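Please open the model in your viewer and follow the stops below in order, selecting each part as it is named.

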Amino acid sequence: MTIKYDSQGLIPVIIQDATTKNVLMLGYMNEEAYQKTMETQQVTFYSRSKKRLWTKGEESGNFLNLVNIKNDCDNDTLLVQVNPVGPTCHKGTDTCWEESNSETFGFLSQLEDVIKARKEGADSENSYVASLFEKGINKIAQKVGEEAVEVVIEAKDANDALFLDESADLLFHYLILLQAKNYSLSDIANVLKKRHK
């Protein structure tokens, strides 16, 4: 790998959780820190303030276990993907931006939040989701079953638009069912991850 160190012999290093894809911190490496990281498989930085190498976690035990290193298009920034052990920031937070390092699923996570909010406080006369929660688990489960049957029917036909519409309906109602059972997509992802191993 070609690495372009700056005039001080350093390269910026973006640390990213390999699973959640969240950015955890920014640090710097010199060639010696890079080599030590590769040898130990634990991320080592060059501290500009202490003027020495330091392995993240050497005092706290919150190591950054190396998964992968990628170079950017100009070879002057590294993206280091890790499996973090404990919080990354020295202030005790998951990231140096005081954000939770939890796994999200893009728009589906936003939709989960909307469903949860409707479950907790929406008017059932003005909210379809709230009305389903009011009717109870049996009605919600029934809707999932109905939507699943419709997906199967549309899968056998040639109308892709209808198949996608019914698939969206199924996923939407399944998210409602998960909330009714006090679970989330993260819980399902964890089950799938265990099966994947």
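This is a predicted model: local features need pLDDT of at least 70, side-chain atom pairs count only at pLDDT 80 or more; totals for chains, interfaces and linings use all residues.

Residues are numbered from 1 along each chain as its sequence is written, and side-chain values use heavy atoms, with hydrogens and water left out.

Begin with the open sheet of four strands, whose order is S2-S1-S6-S5 with mixed pairing (strands are DSSP runs of E of at least two residues, and helices are runs of H or I of at least four, numbered from the N terminus; two strands pair if DSSP finds at least two bridges between them). Select residues 23-29 and then 64-71 to see the edge strands, S2 and S5, each of which pairs on one side only.

Next, select strand S1 (residues 11-17) together with strand S6 (residues 78-84), which pair in the parallel sense over five bridges; here Ile-15 stands opposite Val-80 in S6.

Now move to helices H2 (residues 107-121) and H3 (residues 128-135), which pack at an angle of about 55° with their axes 8 Å apart (axes are lines fitted to C-alpha atoms, for helices over the stretch in contact, and angles run from 0 to 180 degrees between N-to-C directions). Finish by selecting Ile-115, Arg-118 and Lys-119 of H2 with Val-129, Ala-130 and Phe-133 of H3, the residues that make this contact (heavy atoms within 4.5 Å).
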